[in-house]
Amino acid sequence: MAATLTALSAAMSLIYMDRNTDQFRRDAPILAMLPIKTGSGKNCAWGAKIDGRTTAAAYAEGADAGSASTHTRVGAALNWAQYREIIQVSGLSAAAVASLPGTHNAGSNDLWNEEMTDGIDALALKVAEDCYSGDPAASPVELAGAATAIDSTGTFAGIDPATHASWAAGEATMALASISVATLRTNLHRPVKDATGRYPDMVTVPGNVFDKLLELSDAKNIDVINILGNDLRVASLGARAISIDGVPYVEDRHCTANTAYAWSLRDVCIRQLPALAPVGVEQVQAAIKQLTGAEVPLTDIETGLRRMAGQLTPTIEVLAQNGDAYKAQIKVYCQLEWKTRNGFSKLAFT
């Protein structure tokens with residue numbers, strides 16, 4: 001019995017899983033450094049933490065406990081963003097490649113693999129770009145990018161900083177020609193330190209700003225940065241990094257032009273909503289055998305499906321054939337979740 005499209009889609013997502021993950025990290029450093037968590041529900045909803053504790057104090061011996069105070073949890077919500085890339089290989093193209101000497105049937109598979117790799121790459125780059133420039137109010141919905149979230153004004157995720165003062169990020173503007181370690185401390189490090197008690201975990205900048213930073217005498221080249229306990233080799237992410245006052249500055253070509261962003265990675269993550277329709281592991285096993293001829297143990301398939309839940313991995317969905325072409329879409333449902341805004345800052349350059 002031929003496998004269903006749902007089973008084939010799950011099988012192809014597993015077959016290409018490592019390639020998906022690699023492509024979603026290559027030349028897209030922000031996707032490798034942001035925590036990835038599984039989402040649920042009709043939208044991306046969370047409790048934003050608003051500063052509110054005021055009663056910590058000395059007390060007299062035997063004094064009764066007074067009223068408690070707590071940080072306020074305010075409901076924040078953003079609609080899910082949907083991203084996809086379509087790939088297509090015509091029957092004639094597949095036949096032409098397969099007919100070349102020495103390729104036999106592998107040739108058509110190579111063409112499909114190449115299109116799949118290119119499609120995954122294009123999707124990854126778009127998601128990385130929108131981690132900065134995405135607009136959650138756009139139609140269709142995009143990611144709530146840093147340019148919108150790391151801001152000192154405006155209602156964001158349904159919360160107004162005019163009502164909750166801490167729901168605002170540090171924000172400043174200066175001439176790029178005047179950049180110095182002192183201005184970076186004042187405008188990027190200090191706002192985050194004063195709001196959270198911690199220095200930023202990292203700062204991301206575009207290439208022209210990074211080149212200017214290299215001229216600073218206090219800048220030190222680094223190859224490995226530690227992000228929330230995980231060591232990442234920056235060069236493998238297609239980026240460079242320097243350290244200023246112990247804060248990693250990472251070059252990211254997707255970063256907003258002429259802007260530096262300071263990040264508290266404990267307070268932001270990418271939520272991915274699983275896109276695979278429910279399908280039994282036996283059906284996936286049969287589909288993999290149909291696609292590759294290999295008999296994969298059920299335990300390996302179960303392990304693979306669990307791995308897909310812990311990393312930003314797009315789903316490959318086979319589309320019904322209605323002509324002489326084979327089509328699939330590579331898609332991901334996700335959104336950026338920002339638990340605070342004052343744990344971030346940005347510095348725009350003129």
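Strands β14 and β15 form a hairpin with six residues between them. Strands here are DSSP runs of E of at least two residues, and helices are DSSP runs of H or I of at least four residues, both numbered from the N terminus. The model is predicted: local features need pLDDT of at least 70, side-chain atom pairs count only at pLDDT 80 or more, and totals for chains, interfaces and linings use all residues. Residues are numbered from 1 along each chain as its sequence is written, and side-chain values use heavy atoms, leaving out hydrogens and water.

**The hairpin**
- β14 (residues 315-318) and β15 (residues 325-338) run antiparallel and are joined by four bridges; two strands pair if DSSP finds at least two bridges between them.
- In β15, K331 stands opposite T315.

**The open sheet**
- Seven strands make up an open sheet with mixed pairing, in the order β5-β16-β12-β6-β11-β10-β7.
- β5 (170-174) and β7 (220-222) are at the edges with a single partner strand each, so one side of each has no neighbour in the sheet.
- From one strand to the next, the twist averages 25°, with axes fitted to C-alpha atoms (for helices over the stretch in contact) and angles running from 0 to 180 degrees between N-to-C directions.
- Helix α7 (residues 181-196) packs on the sheet and touches strands including β5, β6 (202-205) and β16 (345-349); the direction of α7 makes about 150° with that of β16.
- Strand β10 (residues 241-244) runs antiparallel to β11 (residues 247-251), with four bridges between them.
- I244 has V247 in β11 as its bridge partner.

**Confidence**
- The chain has a mean pLDDT of 82, with 76% of its residues at 70 or more; pLDDT is the predictor's confidence in each residue, from 0 to 100.
- Residues 1-5 have pLDDT below 50, and this stretch has eight contacts beyond near neighbours in sequence, a contact being heavy atoms within 4.5 Å.
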